[in-house]
Amino acid sequence: MAETVEAVETVETNEKIEEMNFVDKAKEFISTIPYNKIGMKDILNYEKEPRNNLVAFAIIVFLAMFVIGVVTYLIHGHHAYNVTREHPWGLLIAVYIFFVVSSTGLCIIGSLGDVFGFKDYEMISKRAIFGSIVTILAGFAVIAFEIGHPVTMVIYNVLSPGLTSAIWWMGTLYGIYLTFMIIEFIFLLKHDMKSAKIFGLIGLLVGLAAHSNLGSVFGFLNARPISNGVFYPTYFILTAFITGVFISFILMGWRYKLEFPDNAKKMLEGLAKIQGLLISILIFFVTWKMLTDIYGGMPNRAEVSIHILGSWTFWAEVILAMLIPLYIILKDMGKNINGMFWASLSGMVGIFFMRYNLVHDTQLKPLQMMKTREYQLTPEWIHYFPSATEIMISLGGLGLCLLLYYVGSKLFNLDADETH
Amino acid sequence: MARYGMALDYKNCINCKACEVACKEENGVLLGADKHRIWVGANDVKGEWPLLDIASAAFLPSQCQHCDNAPCQEVCPTHATYYDENNVVRVNSDKCILCSYCMNACPYDARYVDDRTMTVDKCTFCSDTRLARGETTTACQNTCPTKVRTFGDLDDYDSEISELLRTREHFSLKENLGTKPKLFYLT
């Protein structure tokens with residue numbers, strides 16, 4: 001009997017030691033993450049150049065807008081938004097998609113070097129993965145004020161998961177994705193490339209699954225023939241890659257003030273060529289989507305497509321995100337990197353319109369059901385323009401993203417390690 | 001238990017809107033939520049006098065179709081939308097996160113946001129009110145002066161609605177979407 005008690009005690013002690021070891025190991029792991037000790041002073045202390053002043057000013061204004069927008073929302077609820085029963089998804093959904101597309105895109109770019117082993121692209125891995133973390137956090141910050149009950153969401157997402165819902169899969173997979181991105185980033189900081197590769201690969205696969213699920217949120221809408229089908233889930237992955245390349249140019253251009261070292265030049269020229277191919281595929285996709293939508297004049301689809309072709313936001317998307325960058329790439333066969341920096345800024349504005357159009361166009365056509373009196377006249381198109389609160393929260397998301405990136409760039413070494 | 005549905009002899013509708021009023025009164029629908037939970041569709045008469053198209057003047061009362069294969073239930077991320085024991089499509093407001101996905105997915109425009117709970121609401125076939133009190137009719141049916149509506153159990157062979165659907169030709173709205181609506185329009 002006594003022996004048994006002793007044995008049990010020994011096992012317990014061993015378990016305790018193991019537990020201690022695990023806690024100690026975790027503590028040691030966290031304490032050895034390389035970062036720069038910075039204070040408020042360091043954050044406020046930046047090079048006083050016009051471009052830096054401009055961005056600092058923009059961040060402060062955007063964050064102030066975020067606070068005003070959120071307070072207005074907390075007081076008035078969804079009434080502060082211009083969303084209606086006929087057009088329940090507005091600007092904030094589009095901005096959420098914009099941020100998570102950026103995140104997935106940066107994850108793809110970050111994976112080129114440290115997951116797929118393309119040496120030329122390793123220099124941007126850490127920066128891109130960090131970018132993917134801050135963009136998705138900004139996306140979550142925006143969507144938190146669009147979802148009516150975010151706390152309920154967290155609880156019932158777990159307690160009663162709707163497994164047939166694309167939104168459930170998208171949200172859950174993005175949560176897992178964020179975790180893997182953070183772990184990958186930590187391993188990159190520690191220069192543990194083997195672990196970074198494993199977590200990066202899993203993170204990438206989860207991210208792609210999450211992102212195509214976001215496309216399927218629209219693709220699954222049988223009630224909306226303009227969005228229904230396989231197009232959006234695949235198109236989302238393509239446009240994520242394109243967005244990732246645009247942001248890479250912006251990040252590197254900002255980092256090196258448009259005076260690139262040779263290795264950055266080599267990488268960006270490679271990315272420009274990839275971008276040329278991707279944008280060409282995108283134009284091909286969009287052209288065929290439009291043609292198949294219009295062909296045969298199917299009700300609720302053809303007319304919506306023709307309406308889209310007549311909207312300026314569609315042409316903003318085409319010109320800013322497709323034609324301008326493609327022209328810059330083709331003109332010098334991808335060698336005009338400075339030009340691509342500016343074209344990427346244009347591209348990101350175009351990508352914003354792309355997201356806005358996707359959300360708005362889905363809801364353009366009223367479902368009608370003969371409620372003609374509701375509209376006074378026979379309804380043709382649902383109108384929507386974002387309210388000031390929606391615009392303020394959206395810009396606030398951008399401010400948050402820029403602030404997090406700036407603090408991160410002070411806190412961590414986002415450049416490639418010299419041992420590369 | 002039951003599988004509730006409704007048959008509408010829509011050609012008898014005179015667009016008096018008593019059903020809209022009764023529904024609001026019974027279910028406490030807020031003022032302003034007009035034509036959100038239940039409505040009467042009205043087409044303008046086509047043609048030019050004297051060659052008016054009389055048939056085009058029909059009214060089409062409608063509401064949630066309580067689909068057997070409801071897109072709103074399928075897309076709900078938290079199972080806030082569910083089928084109750086009578087196969088009525090319901091919303092549990094405690095679970096609703098107001099993501100509005102159901103409002104976009106419903107092909108019948110039958111969902112709206114209730115400003116009191118800030119969750120999505122819809123026709124419940126009076127499950128919370130009249131049926132809960134043991135009555136067997138819905139408010140819209142009970143009030144209809146021309147007896148357009150017949151509510152009942154589709155699984156009960158002897159119910160009035162089953163009899164009607166056996167003996168009268170009928171159609172459902174947007175059947176091509178495969179939603180299997182339980183609102184039937186008698187022709």
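Let me start with a question: leaving aside its neighbours within four places in sequence, which residues is Asn52(A) in contact with? They are Tyr46(A) and Glu47(A). Asn52(A) itself belongs to helix H3 of chain A, residues 50-76. For orientation, Lys190(A) is 138 residues away from Asn52(A) in sequence, and the two C-alpha atoms are 29 Å apart.

Before I go on, please keep in mind that this is a predicted model. It scores ipTM 0.90 and pTM 0.91. For chain B, the mean pLDDT is 92, and 100% of the residues reach 70 or more. Taking the elements of chain B, the lowest mean pLDDT, 87, belongs to strand E2, residues 38-42, and the highest, 96, to strand E5, residues 89-91.

H5 of chain A runs over residues 122-143, which is 22 residues. From first C-alpha to last it reaches 32 Å, close to the 32 Å expected at 1.5 Å a residue. Is this helix mostly covered or mostly uncovered? Mostly covered: 20 of the 22 residues of H5(A) are buried.

Two loop residues in chain A have backbone angles to point out. One is His191(A), in the loop between H7 and helix H8 (193-219) of chain A. Its phi is near 60 degrees, a positive value in a residue other than glycine. His191(A) is partly exposed, since 13 other C-beta atoms lie within 10 Å of its own. The other is Leu258(A), in the loop between helix H9 (231-255) and helix H10 (262-294) of chain A. Phi of Leu258(A) is near 65 degrees, again positive and again in a residue other than glycine. Why does Leu258(A) count as exposed? Because 12 other C-beta atoms lie within 10 Å, and exposed means 12 or fewer.

Now the contact between the chains. Chain A gives 31 residues to it and chain B gives 33 residues. On the chain A side, helix H6 (150-159) and helix H7 (166-189) each supply at least two residues. By class, that side of chain A has 14 nonpolar, 13 polar and four charged residues.

Next, chain B and its sheet. Four strands of chain B form an open sheet, in the order E8-E1-E10-E9, with mixed pairing. The edges are strand E8 (149-153) and strand E9 (170-171) of chain B, each of which pairs on one side only. Strand E1 (residues 4-8) and strand E10 (residues 183-186) of chain B run parallel and are joined by three bridges. Within that pair, Met6(B) stands opposite Leu183(B) of E10(B). Which helix packs on this sheet? Helix H5 of chain B, residues 160-167, which touches E1, E8, E9 and E10 of chain B. The direction of that helix makes about 110 degrees with that of E8(B).

One last item in chain B. The peptide bond from Trp49(B) to Pro50(B) is cis, with omega near 10 degrees. Pro50(B) sits in the loop between E2 and strand E3 (59-63) of chain B.

That is what I had.

Notes:
Residues numbered from 1 in each chain as written. Chains lettered and ligands numbered in written order. Predicted model: local features only at pLDDT ≥ 70, side-chain atom pairs only at ≥ 80, totals over all residues. Contact = placed C-beta atoms within 7 Å. Nonpolar A, V, L, I, M, F, W, Y, C, P; charged D, E, K, R; others polar. pLDDT = per-residue confidence, 0-100. Expected span 1.5 Å × (residues − 1). Pairing = 2+ DSSP bridges. Axes fitted to C-alpha atoms, helices over the stretch in contact; angles between N-to-C directions.
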